[in-house]
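Please keep the model open while reading.

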Amino acid sequence: MSEERSCVVVTRDCQTESNGTVCMSYRLDSIEVQNGKRPLEYDQEGENVQRKLQKQSDGSNLVGVTLSLGSSSASPPEQTDKRDHAGDNSDRNTLFPALDRDSSINSLIRCSRSDYGAIASLNHNFRSLIRSSELYRARRRNGVVEHWVYFSCQPLEWEAFDPARLRWMRLPRMTPNDCFVLSDKESLGVGTELLVCGKDVLAHVIYRYSLLTNTWSTGMQMNAPRCLFGKASLGEIAIFAGGCDSQGKILSSAELYNSETGTWTTLRSMTKPRKMCSGVFMDGKFYVIGGIGGADAKLLTCAEEYDLATGTWTEIPNMSPVQPNLENDIPDTSAAPPLLAVVDNQLYSADYAEMAVRKYDKHNKAWVTIGGLPEGVSSIHGWGLAFRACGDSLIVVGGPRVMGRGFIEVHSWAPREGPPEWNLLGQKQSGSFVYNCSVMGC
């Protein structure tokens, strides 16, 4: 395999300290990288990435890191450990020379997540930091968040899209059995994890992709395993509500997942059992909206609000944007759950039948049409089209319905800028049907 080379230059110029002025420079070069991969592989083969990461403090301190690398940059542990400090004899907690750890981390949290794979290749200390949750906890404390879109258009294959740098990236391929491939699956980004829930040969199972280690793992289980549930995340926590068990029974139970501890907590049950519902966080509360419920498995138009402070559910009539199909063109169970997203604590829905965007009027408790969806994206009764919140924007991920290998598009619109005017952020050859899509903000 051809070699890739990585170089980091760290410069600290003339910092005035209590004992005088210190001028120093530090250079690591000829750091060879072999047989490794970044935490995410960029689609552009052989792409060279040049990033300068800077922090300016009161005009007196300057820390600059220049990264130059090829398409694969992370070293295997046994290779990196041999050159851990590249001549630096400081302790193993040292990141940047002459900077304490807190200052070093405060510099790194300003870097894009796209650069973390390169930074992890420098030495053991950087790699350990990137693979721990310490850096992301610091980002969260300082309000530094990047939202990436994760989606799957082919079984077992996942991709990520960085809407800030307009980059497509590939995740490692999943390796579950055929039963999981063919089962209904739901996905959710929470903390630094992407959870993909489906059915194994004998029971429900959850596969977890870790952003920290770039690996898939399994084994974690809910207290009451389920599928076809409503779910949403808020930082490092997520709530899963309703759905149905392995016997097909519709559930009213709910659970809270904490990605920091990897634990599940059973919550008080909803007032109604429901499946194929949608979940969102809004105004600090969790909402599960619409779905199918009751002994006759009919469409539910109500929602339920969960207050995390009091641990109670409150029913809200007619909050679902999907109303009963009076013409009965298709069974209720054939349509996708409501396509919902929350931006700036405002609730939006995508009406795939009318190709319209609607906004929920909290005061009048009614849905109002405010514009259209991007032209060309298609779905099958709502399936295959993703409608998500991504920071302060709404995104639509999908493509035109074509025979054979099609392409996927990512469209974005920021509601604060006015009526819907969709911007095409990216397009690439892929399957045009989106099986699963989630946004991870960290």
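A salt bridge here is a side-chain nitrogen of Lys or Arg within 4 Å of a carboxyl oxygen of Asp or Glu. By that criterion, the structure holds 18 salt bridges. The model is predicted. Side chains of opposite charge can pair when their charged atoms come close.

**Salt bridges**

| Pair | Closest N and O atoms |
|---|---|
| Arg140 and Glu260 | 3.6 Å |
| Glu304 and Arg274 | 3.4 Å |
| Lys285 and Glu305 | 3.5 Å |

Start with Arg140 and Glu260, which form a salt bridge. The pair links distant parts of the chain, 120 residues apart. Arg140 sits in helix 5 (residues 134-141). Glu260 lies in the loop between strand 15 (254-258) and strand 16 (263-267). Arg140 has a relative accessible area of 34%, so it is partly exposed. Glu260 is at 37% and therefore also counts as partly exposed.

Next comes the salt bridge of Glu304 with Arg274. Glu304 belongs to strand 21 (residues 303-307). Arg274 is in the loop between strand 16 and strand 17 (278-282). The two are 30 residues apart, and again distant parts of the chain are linked. Are these two residues buried or exposed? Both Glu304 and Arg274 are buried.

Strand 21 also contributes Glu305, which forms a salt bridge with Lys285. Lys285 lies in strand 18 (residues 285-289), so the pair ties together parts that are 20 residues apart in sequence. Lys285 is partly exposed, because its relative accessibility is 26%. Glu305 has a relative accessible area of 14%, so it is buried. The cut-off for buried is under 20%.

**The sheet**

Strands of a sheet pair through backbone hydrogen bonds, either parallel or antiparallel. Which sense applies to the open sheet of four strands? The pairing is antiparallel, and the strand order is 9-10-11-12. Strand 9 (186-190) and strand 12 (215-218) are the edge strands. Each of them pairs on one side only. From one strand to the next, the twist averages 20°.

Inside this order, strand 10 (residues 193-199) pairs with strand 11 (residues 204-210). Seven bridges join them in the antiparallel sense.

Technical notes
Residues numbered from 1 in each chain as written. Predicted model: local features only at pLDDT ≥ 70, side-chain atom pairs only at ≥ 80, totals over all residues. Heavy atoms only, no water. Pairing = 2+ DSSP bridges. Axes fitted to C-alpha atoms, helices over the stretch in contact; angles between N-to-C directions. Buried < 20%, exposed > 50% of the residue type's maximum accessible area, 1.4 Å probe, protein only.
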